[in-house]
Amino acid sequence: MNTSRSRRALRLIAAPAVVALVIAFYFRLAQVNNTTVALTLLLVVFGISTWWGLPEAAIASLAAVLGFNYFFLPPVGSFEVQDPQNWVALTAFLVTSVMASQLSARARRRTQEAVDRRREVEGLYALSQSLLLSGTARTASQDLVARVVEILGVTTAAFHTRLTRETFRWGPDDPLISDEQLQADRDEPLIDPIRGLAIVPVRLGGQALGNLGLAGSLPSEAVLNAVAYLVAIGVERARTVEEASRAEASRQSEVLKSALLDALAHDLKTPLTSIKAAVTSLLGQPRLDPDRELMTIINEEADRLNRLMAEVLEMVRIEAGKLHLNKHPHDVGEIAGAVLAEFRPLLNGRAVDVRLQSALPPADADFEFVQHVLRQLFDNALKYSPPGSPLTISARAGDGRVVVSLADRGCGIDEQDQLRIFDKFFRSSEHRFRVPGTGMGLAIAKGIVEAHGGKIWVTSEPGQGSVFSFSLPVHRGEIVS
């Protein structure tokens with residue numbers, strides 16, 4: 001404020017000084033007629049009005065009239081005006097210079113106002129664009145306050161939200177924006193341009209959301225109201241998005257719960273029914289020797305339940321990020337051979353073609369967990385391909401990865417189902433009730449492969465079979481040719 005006053009005082013002194021220099025130049029150095037002097041002084045007054053303002057131009061006009069009269073109109077060296085025509089000339093000169101100064105100052109003021117309006121509109125546009133980037137209601141409030149300071153050029157901004165009764169500030173602390181001012185109930189804005197303070201109520205649809213406080217060089221009241229409205233929209237939008245996200249998460253949770261209950265109910269009911277029937281038959285027999293066939297059923301179904309519970313626990317561990325891998329360099333062919341030997345009794349004469357790339361580098365993997373992935377792929381291939389159809393297991397290396405694939409000659413997977421086949425509890429409606437399963441196997445396999453830093457995918461064509469593949473990183477220090 002003091003700097004601005006000092007500049008204005010210097011300009012008020014400099015304006016008549018410039019006029020004095022022009023008069024001295026023409027009086028001492030250049031011999032020209034009075035018309036030339038008058039026009040030059042008029043141009044000087046116009047320039048002062050354009051660059052500095054009306055008060056400076058008015059003082060310059062008065063100094064030009066007095067100087068022109070004293071040095072150029074007879075009698076020279078006196079302020080006396082003898083010729084009535086000179087009075088007309090002086091009056092015309094003064095009126096012209098003052099009116100021209102006013103017009104120039106008005107045009108300058110209109111230009112500055114247009115520039116200010118343009119900046120305000122650009123600021124409002126930038127603020128409206130930033131609404132699209134807001135996150136939660138809390139972060140949106142803080143971000144919007146920061147953007148208001150940046151866009152409007154004020155010193156300090158603060159926003160008190162009634163929803164959580166929090167106050168968000170940006171910029172240096174200003175005692176003018178007190179908590180009492182922000183928390184007060186307001187129907188009309190409080191604007192004090194002298195102190196540079198504005199407290200604007202933030203409302204949307206008649207609902208009071210809080211108060212916005214600004215300190216510094218304030219924009220117009222219309223802009224302040226527009227900013228408050230944009231802040232209200234931003235906060236309400238963020239709150240709506242947050243509630244919609246919670247509702248969607250709740251809906252997804254309910255969908256997953258329903259899928260889990262459906263899968264567990266179906267998969268638990270079958271073994272429990274078998275166990276119950278076998279035990280009831282055993283209890284109804286008069287002899288004490290157990291029936292071997294019934295005991296076999298009980299044993300197999302109990303194993304089935306045990307595997308089901310193990311899958312549930314593995315899924316929980318994967319989602320909690322508590323899958324602890326014991327990675328070492330392992331030969332993928334050795335892992336595949338171990339799984340193939342385990343499934344040999346279940347193949348029932350199926351041909352399995354093993355195609356391993358020569359000089360296959362070892363993979364950096366957990367032997368047991370990778371076995372689990374291959375078991376799941378073998379189990380799926382046996383379930384979803386015709387009995388007796390061949391299987392092909394292959395492995396190749398490249399780009400620092402070992403890729404293992406298992407191909408079958410089954411019915412294939414629909415293109416839409418391929419997008420969701422690795423999702424938890426997903427099962428194709430075509431096979432849901434014909435083939436036993438929970439829909440957790442491939443999701444667990446995906447979690448294990450990704451924990452290794454690899455990827456798993458499927459390529460399939462309906463009626464032609466499917467190829468499930470997964471990649472594992474090559475053990476460091478090995479060079480892939």
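Which residue in β4 does Leu190 stand opposite? Leu190 stands opposite Ile199, and the strands β3 and β4 (residues 197-204) run antiparallel, joined by three bridges. The model is predicted, with local features requiring pLDDT of at least 70 and side-chain atom pairs pLDDT 80 or more, while totals for chains, interfaces and linings use all residues. Residues are numbered from 1 along each chain as its sequence is written, and side-chain values use heavy atoms, leaving out hydrogens and water.

An open sheet of five strands, in the order β2-β1-β5-β4-β3, is paired in antiparallel fashion; strands (E, at least two residues) and helices (H or I, at least four) are DSSP runs numbered from the N terminus, and two strands pair if DSSP finds at least two bridges between them. Because β2 (166-170) and β3 (190-192) stand at the edges with a single partner strand each, one side of each is left without a neighbour in the sheet.

A nonpolar core is a set of buried Ala, Val, Leu, Ile, Met, Phe, Trp, Tyr and Cys residues joined through side-chain atoms within 4.5 Å, where buried means under 20% relative accessible area (1.4 Å probe, protein chains only).

| Core | Size | Residues, among them |
|---|---|---|
| Largest | 44 residues | Leu374, Phe378, Val402, Phe468 and Phe470 |
| Second, separate | 22 residues | Val145, Phe168, Ala198 and Val231 |

In the largest core, the largest share, nine residues, comes from α10. Helix α10 (residues 367-384) also holds Gln371, which is buried with a relative accessible area of 7% and touches Ile335, Ala338 and Val339, residues up to four places away in sequence not being counted; contact means heavy atoms within 4.5 Å.

How values were computed:
Buried < 20%, exposed > 50% of the residue type's maximum accessible area, 1.4 Å probe, protein only.
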